[in-house]
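Q: I would like to learn how to read a protein model, one feature at a time. Could we go through this one together?

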Amino acid sequence: MKKLFKSLSVVAILLLSSNAKAATILFGDVGTDYYSYGTEMVGYLSGAGHSVTRVSLYNSYVPSDLTGFDQIWVYDLEGPGSDNNTFQSANYSSIANWFDSQSHDLIVDGRILSSTTY
């Protein structure tokens, strides 16, 4: 019952937050420890009608042009020290430039795992 409630809550939040406008979202993973949870969240977003592009921020570069994205989600649940490689530095710089160049809200949520059913 608890899993069902969590699933329905997540779906309701995503549907209500869409404001009848589908977003184009870049979903960036850091590491692999919680990859399956990220897959679930991408599924919720896609199921709510959003277009989601998933990339690894840890071992590849994000697309060079981020202007087509309405939202960027940085999904980083790795331990200390994983945020220091060349890819991540370049990716975070690109994301910061995207954020600074437009009017975007910033959401930092350390409880993101509570949005999954696992």
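**Reading the fold and its contacts**

A: Residues 24 or more positions apart account for 81% of the contacts in the chain with a separation of 6 or more, where a contact means heavy atoms within 4.5 Å. This is a predicted model, in which local features need pLDDT of at least 70 and side-chain atom pairs count only at pLDDT 80 or more, while totals for chains, interfaces and linings use all residues. Residues are numbered from 1 along each chain as its sequence is written, and side-chain values use heavy atoms, with hydrogens and water left out.

Q: Which pattern does the chain follow along the sequence?

A: Helices (H or I, at least four residues) and strands (E, at least two) are DSSP runs, numbered from the N terminus. Here the chain has three helices and three strands, and read along the sequence they give the pattern α-β-α-β-β-α.

Q: What share of the residues in the chain is buried?

A: A residue is called buried under 20% relative accessible area, exposed over 50%, and partly exposed in between, with a 1.4 Å probe and protein chains only. In this chain, buried residues make up 30% of the 118 residues.

Q: Which residues make up the largest nonpolar core?

A: A nonpolar core is a set of buried Ala, Val, Leu, Ile, Met, Phe, Trp, Tyr and Cys residues joined through side-chain atoms within 4.5 Å. The largest one here has ten residues, namely Leu 26, Val 30, Val 55, Leu 57, Val 62, Leu 66, Phe 69, Ile 72, Ile 95 and Trp 98. Strand S1 (24–30) and helix H3 (86–101) each supply at least two residues of this core. Apart from this core lies another, of eight residues, including Ala 23, Val 42, Leu 45 and Ile 112.

Q: How many salt bridges does a search of the whole structure find?

A: A salt bridge is a side-chain nitrogen of Lys or Arg within 4 Å of a carboxyl oxygen of Asp or Glu, and the search finds two. In one of them, the side chains of Lys 21 and Asp 70 meet at 3.8 Å, N to O. This pair links distant parts of the chain, 49 residues apart, with Lys 21 in the loop between helix H1 (2–17) and S1, and Asp 70 in the loop between strand S2 (51–56) and strand S3 (71–76). Asp 29 forms a salt bridge with Arg 54, the closest N and O atoms being 2.6 Å apart.

Q: Is Asp 29 buried or exposed?

A: Asp 29 counts as buried because its relative accessibility is 3%, whereas Arg 54, at 23%, counts as partly exposed.

Q: How is a pair of aromatic rings described?

A: Such a pair is described by the distance of the centres and the angle of the planes. Rings of Phe, Tyr and Trp (its six-membered ring) pair if their centres lie within 6.5 Å, and planes under 30 degrees apart count as stacked, over 60 as edge-to-face and the rest as tilted. The structure holds four aromatic pairs. One of them is the tilted pair of Phe 27 and Trp 73, with 6.1 Å centre to centre and 35° between the planes. Phe 27 lies in strand S1 and Trp 73 in strand S3, 46 residues apart. Phe 27 and Tyr 75 also form a tilted pair, at 5.4 Å centre to centre and 35° between the planes. Ring pairs link Phe 27, Trp 73 and Tyr 75 into a cluster.
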